Amino acid sequence: MSALSQRFDPGFVWGAATSAYQIEGAVKEDGRGPSIWDTFAAQPGRTFDGHTGEVAVDHYHRWPEDVALVRELGLDAYRFSISWSRVQPEGSGRVEPRGLAFYDRLVDGLLEAGLEPWPTLFHWDLPQALEDAGGWPVRDTAERFADYAQIVADALGDRVRSWTTTNEPWCAAFLGYGAGIHAPGRTEPAAALAASHHLHLAHGLAVPRLREGRPEARVGVTLNLYAVSPADDTGRHDDAARRIDGLMNRWFLDPVLLGRYPQDVLEDVAGVGGTEAIRAEDLAVIAAPLDFLGINYYSRHVVAASPWPGASEVDFVNREWPKTASGWDIDPAGLGEVLRQVHRDYPSIPIYITENGAAFDDLEVRDGTIDDQDRIDFVAGHLEALADAVDDGVDVRGYFAWSLLDNFEWAEGYAKRFGIVHVDFDTLVRTPKASARWFAELARASSTKERA
Ligand code: FCB
């Protein structure tokens, strides 16, 4: 531990992350409108055991306790998301003051606790009314997002400095509109591609709205990036790796950081449809200069060419490899690869790891805590890889653990526990796991730089 803490600058930001639908509950309170996740989770067979975010971990009422937890852990920052349908129940037009007031109180509570608020404006919970009007595949949704960003910035911008526009547009577009395993559950590949473009556009349109009149504002976007490697080094699978890196990483990095879509991916998806949503003039909007890039890193994809002659499909290889309870390979070296790839291929930009963490089956509280050594090992391994990348010149300025609390893990419901703090889903009692104590100690030791 002490050796690890020595590897970070005293100014390195240590934080924990959550998102609105995963923790808030209170879905009908204070005028909140329905989001696509309320609708999706209510449909039979969509989520594990029919779980929904109706109560979640009741953060809407228990937020003072949760803020106190982050303060006790001695972290620097708390990343959360704002529920669009609390602020604008119909996704456009009318503002619900009680919804805004909730985030107003939360921001004040964080600042009083000495924590920096890191709000994300969109973490997947699109207002249902906007989905009814076509959702992300429709251009107008991007314009509505910019208006919503403006409303939130006007309300909180006097106190919030670090803004994130959208979280993991890949998931929102491709899992929501392509694979259909996330809300709104559509399986229309062309719509998924159009959605990804409009998410980019939404981000780009929001950037100036967040900055306007607030010179101290720092604006970024959070992308989920993966290490991608071919199944072997024969060269036979290199094209599969190129395709997946293209669709999962470069399709999102290039427009935002370079102002263009990767040509090879445009060619790969040419027959799918959806790219007619891209207008040449959008790219300059999407590439609005940013203050930081948020990266969520969880795992690596190992890919192989489809064995079927002439097929363009890619196989995802299941390696014999240590896995988390989500079945994701534990691959800290992949974080280093992702960081070096961004450093090598894009203009220099400060990076924050806005999510990293793991689900493990830590169910039992014993002697007032949970011994989640597997999570400690996971985080320590990833932080070593991160520190190695920093030593190589990559500009990484902070790390947010996903997640502060066990919570509603989307289609997996409450079955996957990512928290450094355990939540009993019956009583809603919070209990810091051993990993929370370890993380707190690491943050403290690194910030004060006590030499062993
Ligand atoms: C990310 C999401 C986050 C959480 C983690 C495990 O893709 O941003 O909400 O579900 O995965």
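Predicted model: local features only at pLDDT ≥ 70, side-chain atom pairs only at ≥ 80, totals over all residues.
I found Thr18, Ser19, Ala20, Ile23, Glu24, His59, Tyr78, Phe80, Ser81, Phe102, Tyr103 and Leu106. Sorted by class, I get seven nonpolar, four polar and one charged. The space inside comes to about 40 Å³.

How many cavities of 30 Å³ or more does the structure hold? I count two. Around it I see Ala20, Tyr21, Glu24, Gly25, Val27, Arg32, Gly53, Ser83, Arg86 and Asp125. That lining splits into three nonpolar, three polar and four charged residues. Ala20 and Glu24 turn up here, and they also line the largest cavity.

Then I moved to the ligand. Where does it sit? The space it takes is the largest pocket. Its shell is made of Gln22, His123, Trp124, Asn167, Glu168, Asn296, Tyr298, Glu355, Trp402, Glu409, Trp410 and Phe418. By class I get five nonpolar, four polar and three charged.

I checked polar side-chain atoms against the ligand's oxygens. Glu168 has one 2.5 Å from a ligand oxygen. For His123, a side-chain N or O atom is 2.8 Å from an oxygen of the ligand. Glu355 places a polar side-chain atom 3.0 Å from a ligand oxygen. I also looked up the cover: alone, the ligand exposes 300 Å², and the protein buries 95% of that.

Conventions:
Residues numbered from 1 in each chain as written. Heavy atoms only, no water. 1 Å grid on protein atoms, 1.4 Å probe; cavity = no way out; pocket = protein on both sides within 12 Å on 5 of 7 lines; lining within 4 Å. Points joined across faces, edges and corners; volume = space filled by probe spheres on them. Nonpolar A, V, L, I, M, F, W, Y, C, P; charged D, E, K, R; others polar. Near = heavy atom within 4 Å. Polar contact = N/O pair within 3.5 Å; in protein donor to acceptor, adjacent residues only side chain to side chain. Areas by Shrake-Rupley, 256 points an atom, 1.4 Å probe, with all protein chains shown as cover. Sits in = over half its atoms within 2 Å of the grid points.
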